[in-house]
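Here is a short report on one protein model. Keep the sequence and the 3D view open while you read.

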Amino acid sequence: MKMKPISEVVLSTPASGIRRFFDVAAKMPDAISLGVGEPDFHTPWRVREACIYSLERGRTSYTSNYGLQELRDAIAAYLINNEQLEYNPDNQILITVGVSEAMDLAMRALLNPGDEVICPEPCYVSYKPCILFAGGVPVVIPTTAQAEFRVDPDRIRAAITPKTKALLISYPSNPTGAVATREMLQEIVAIAVEHDLYIITDEIYDRLTYDTTHVCLPTLQGAYDRTIYLNGFSKAYAMTGWRIGYAAGPEDVIEAMMKIHQYTMLCAPIMGQMAALEAINHGYDDSQEMIEQYNQRRRVIVRGLNDAGLPCFMPGGAFYAFPSIKETGLSSEEFSERLLMEEKVVVVPGNAFGDCGEGYVRCSYATSIEKIEQALLRIARFVKKVS
Ligand SMILES: Cc1ncc(COP(=O)(O)O)c(C=O)c1O
């Protein structure tokens, strides 16, 4: 039977390029994956235990649509203590199903059909689809390795039209590991103020900065009233499967996001929220230990990639290296496919994160030093062979 076609916008959006090679790799027992953007650590035991204990006490209900009051209070306290950033936990903080849901809600709450959102690339794979699914139009701005993948504020200025509604900023960056400077972010905020734009800032990797201190965008002068701040527990606390994130921002925007969340999700799972409460209150040291290990691995992988003939700048944050593979003469896809088939190493082609990612691959170092070293030997052998 011939049914009517499904949504055009969904049909025309390609599936995520991140997972493409994973199914092939799953059937190769000795494959090494630098593909997934997920901590290789278990969630700290104290966090798992807190969840088990809450289950034993029968905490299995819905929570408030905004999320558990205790968790919102803890997040508000954390943001005051760490960023001097004050949000009212009653109506300015919304607990979501990961930053993924928060991003979707932010777009749906802000955009009318045809509104443009400026988004520097390469960027996390969900950004453009979220804008499109909300009826918006992504306007992408390329960034370059020469500029260490920091966005040039002049290019943002040049991309603004009467339809521009918001800027989507995310540092530290997935996939490049780039971090922002205070000056650059302040200039971006000034542009937003001048043109009366919202800023959506995804700071999920804020704890994972190695050489510099993270600059929290809503703390900058002029930013607070127009910024929707997104963060979550997946990366810093190795809690990807618990699916807890949050949004903080102006009361009216958070209320609009809550309305969508209320009808579509109702609330984030209480087990995840109980675990997140333990993480934010007592997980700092566990998280810090993981971050120190990422830092060691970062140095090993960046040195190894450069030695192998793949120029790679030192990423200042997140857990990704983004080397250039241009000198091999292969496209990002060819490189990734052949590296997997010939040397059993999974990396993600840079073009999965936007056209300007072509000529690069993303290597996640959220895996053990032993595996990273093995993978580097295989990558070096492969590059020698193809170059
Ligand atoms: C930049 C960025 N934002 C959001 C997410 C999704 O995070 P969550 O697990 O909180 O949905 C990821 C996951 O890789 C990410 O890299």
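The report covers strands, helices, salt bridges and a surface patch.

This is a predicted model, in which local features need pLDDT of at least 70, side-chain atom pairs count only at pLDDT 80 or more, and totals for chains, interfaces and linings use all residues. Residues are numbered from 1 along each chain as its sequence is written, and side-chain values use heavy atoms, with hydrogens and water left out.

**Strands**

Helices (H or I, at least four residues) and strands (E, at least two) are DSSP runs, numbered from the N terminus. Buried means under 20% relative accessible area, exposed means over 50%, and partly exposed lies in between (1.4 Å probe, protein chains only).

Strand S7 spans residues 227-232, and six of its six residues are buried. Thr 227, Tyr 229 and Asn 231 cover one side, while Ile 228, Leu 230 and Gly 232 are on the other. In a regular strand the side chains alternate between the two faces of the sheet.

S7 has two partners described here. Strands pair if DSSP finds at least two bridges between them. Strand S6 (residues 198-202) pairs with S7 in the parallel sense, over four bridges. Strand S8 (residues 245-248) pairs with S7 in the antiparallel sense, over four bridges. Tyr 229 stands opposite Thr 201 and opposite Ala 248 in S8.

Strand S3 (residues 116-121) holds Cys 119. Cys 119 counts as buried because its relative accessibility is 0%. Contact means heavy atoms within 4.5 Å. Leaving out residues up to four places away in sequence, Cys 119 touches Tyr 127, Val 139, Val 140, Ile 141 and Leu 168.

**Helices**

The expected span of a helix is 1.5 Å times one less than its number of residues. Helix H13 (residues 369-386) has 18 residues and reaches 25 Å between its first and last C-alpha, close to the expected 26 Å. Its buried residues include Ile 372, Leu 376, Phe 382 and Val 386. The buried residues of H13 pack against strand S1 (32-33), helix H11 (284-307), helix H12 (332-343) and strand S10 (345-346).

H5 is mostly covered, with 10 of its 13 residues buried. Among them are Glu 101 and Asp 104.

**Salt bridges**

A salt bridge is a side-chain nitrogen of Lys or Arg within 4 Å of a carboxyl oxygen of Asp or Glu. The whole structure has 16. The table lists some of them.

| Pair | N to O distance |
|---|---|
| Asp 115 and Lys 165 | 2.7 Å |
| Asp 154 and Arg 157 | 2.8 Å |
| Asp 196 and Arg 226 | 3.3 Å |

Asp 196 lies in the loop between helix H8 (182-195) and S6, and Arg 226 in the loop between S6 and S7, so this pair ties together parts 30 residues apart in sequence. Asp 196 counts as exposed at 60% relative accessibility. Arg 226 counts as buried at 16%.

Asp 115 and Lys 165 are both buried. Asp 154 and Arg 157 are three residues apart in helix H7 (residues 153-159), which means about one helical turn between them. Asp 154 is partly exposed at 45% relative accessibility, and Arg 157 is partly exposed at 33%.

**Surface patch**

Patches are made of residues with over 30% relative accessible area and no salt bridge; like charges are joined within 9 Å, and nonpolar side chains (Val, Leu, Ile, Met, Phe, Trp, Tyr) within 5 Å. Accessible areas come from the Shrake-Rupley method with a 1.4 Å probe; for residues, only the protein chains shown count as cover. Ile 6, Val 9, Val 10, Leu 11 and Phe 133 form a nonpolar patch, with about 450 Å² of accessible area together. Helix H1 (residues 8-11) gives the largest share, three residues.
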